[in-house]
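Look at the model first, then read on.

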Amino acid sequence: MLKPNEVNNWLEELPLIKNLTRLEEVLWLNPLVESVTTGLPKTNVTAVDVKDASDRLKRFASYIETVFPETRDAKGIIESPLTAIPEMKEALADEYNSSIPGELLLKQDNKLPISGSIKARGGIYEILKHAETLAIEYGLIDLKDDYSRFAEQELKNLFAKHKIAVGSTGNLGLSIGIMSAKLGFNVTVHMSADAKQWKKELLREKGVTVIEYADDYSKAVEEGRRQADADPSCHFVDDENSLDLFLGYAVAGGRLADQLNERGTIVDKDHPLFVYLPCGVGGGPGGVAFGLKLAFGDNVRCFFAEPTHSPCMILGMMTGLHDKVSVKDFGIDNKTAADGLAVGTASGFVGKTMEPHLAGCYTIADASMFRLLKLIADTEGIKLEPSALAGMTGPINVIREHVLDADSANATHLVWATGGSMVPEAEMALYYGMAGK
Ligand SMILES: *Cc1c(COP(=O)(O)O)cnc(C)c1O
């Protein structure tokens with residue numbers, strides 16, 4: 001907790017924080033961003049680590065295909081479609097009295113199989129890696145085996161003796177819970193107060209233990225970590241510090257490069273790629289952005305999007321205090337309908353890792369997310385959860401401020417739609433009805 005005089009000093013030094021405390025929508029450009037030539041050597045995570053994660057997901061593809069039939073067409077690779085949204089592009093520009101000269105694309109992680117959100121990347125990867133490590137340690141699997149063997153009873157019996165725990169606002173819990181239960185682990189999800197009832201029910205149906213807290217995300221994580229630490233047979237998925245989660249997300253970079261290539265979208269010095277990623281604690285957007293930096297170098301500019309009520313990454317990166325500052329230090333309440341982004345303190349690991357790589361961050365009001373949720377449903381028939389709309393004002397913000405070559409007709413703007421397909425219809429109808437309220 002910052003002292004009152006420290007708070008005042010920061011407000012004087014960084015006047016943008018005043019706008020944040022007034023819950024205004026702001027754009028912050030990162031003064032520390034640099035070229036990958038000098039930036040990547042400063043980063044502890046490497047291309048080799050990301051390749052290792054990608055290879056591991058390939059080893060597990062035959063297992064995923066076996067136990068999740070919805071991944072059969074993709075041969076067990078958990079990936080989402082890349083969709084052009086020209087109608088939304090026109091409507092979005094109209095809505096903000098702006099124009100978007102480049103193309104607007106949507107990365108539809110809302111359609112990711114198994115758990116319907118970006119968490120199907122990092123969350124599932126971390127559980128698979130843990131399962132592989134245990135299976136190798138107990139001599140039950142070899143790297144050269146067909147991993148569909150993970151569906152066999154012998155391996156399930158091994159995992160039943162091991163525990164997994166995670167603290168979550170909801171979506172990470174879904175992805176960790178579903179994957180862990182499928183493998184046979186004994187899994188507990190610690191949920192914050194803002195987690196939705198339907199997520200808790202769905203997990204309980206799958207045999208997951210759900211513990212509910214009256215407090216916010218940080219508290220759920222803290223409690224989960226404390227209980228897991230006391231038990232050596234328990235693996236705690238640490239959303240605030242996990243390298244494995246980060247690597248699982250980072251695999252998206254190379255895969256997006258393939259998808260852009262397939263549709264003939266050029267990314268080079270004269271055809272920049274702008275990517276807008278909703279940010280909660282930071283692991284998802286950080287991992288993806290890092291993977292994109294490896295794939296596209298200086299030709300990609302990544303921006304994080306946060307709710308005006310939960311601007312933890314902006315505050316952490318601006319001040320350089322990272323996980324040593326909470327939005328509550330500045331009287332910001334961390335109350336938002338974007339439940340995937342309701343985080344008051346960002347990951348220090350991600351904030352520091354992204355310092356040389358992130359172009360900037362911006363905030364978006366809940367009311368804007370709801371208006372855009374309706375707009376994309378009306379124009380493109382795409383249903384997203386509120387968090388997944390946070391990226392959508394990115395092109396408007398960077399074009400308005402003439403950030404680099406954002407207003408070039410050669411630019412591609414890619415909004416990362418991070419979730420939605422698991423949301424029950426009745427819940428989605430409520431979201432849709434929130435526009436204009
Ligand atoms: C978790 C989540 C995010 C952000 O990911 P973090 O790793 O928490 O930053 C964005 N959108 C949705 C829908 C999410 O569930």
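Ala165 has Phe236 of β7 as its bridge partner. The model is predicted. Strand β4 covers residues 163–168 and is joined to β7 by four bridges. The two strands run parallel.

**The sheet**

β4 and β7 belong to an open sheet of four strands. The order is β6-β5-β4-β7, with parallel pairing. Which strands stand at the edges? They are β6 (209–212) and β7 (234–237). Each has a single partner strand, so one side of each is left without a neighbour in the sheet. From one strand to the next, the twist averages 20 degrees. In general, strands of a sheet pair through backbone hydrogen bonds.

**Helices on the sheet**

Two helices touch these strands, as the table lists.

| Helix | Residues | Strands touched | Angle |
|---|---|---|---|
| α11 | 217–229 | β4, β5, β6 and β7 | about 160 degrees with β4 |

**The annotated domain**

The unreviewed UniProt entry places the feature "domain: Tryptophan synthase beta chain-like PALP" at residues 100–395. Over residues 100–395 the chain is 43% helix and 15% strand. The end C-alpha atoms of this stretch are 7 Å apart.

**Aromatic rings**

How many aromatic pairs are there? The count comes to 12, with ring centres within 6.5 Å as the rule. One aromatic cluster is formed by Phe60, Tyr63, Tyr147, Phe150, Phe159 and Phe185.

Key: Residues are numbered from 1 along each chain as its sequence is written. This is a predicted model: local features need pLDDT of at least 70, side-chain atom pairs count only at pLDDT 80 or more; totals for chains, interfaces and linings use all residues. Side-chain values use heavy atoms; hydrogens and water are left out. UniProt positions are given in the numbering used here, feature names are shortened, and annotations may be inferred rather than shown by experiment. Two strands pair if DSSP finds at least two bridges between them. Axes are lines fitted to C-alpha atoms, for helices over the stretch in contact, and angles run from 0 to 180 degrees between N-to-C directions. Contact means heavy atoms within 4.5 Å. Rings of Phe, Tyr and Trp (its six-membered ring) pair if their centres lie within 6.5 Å; planes under 30 degrees apart count as stacked, over 60 as edge-to-face and the rest as tilted.
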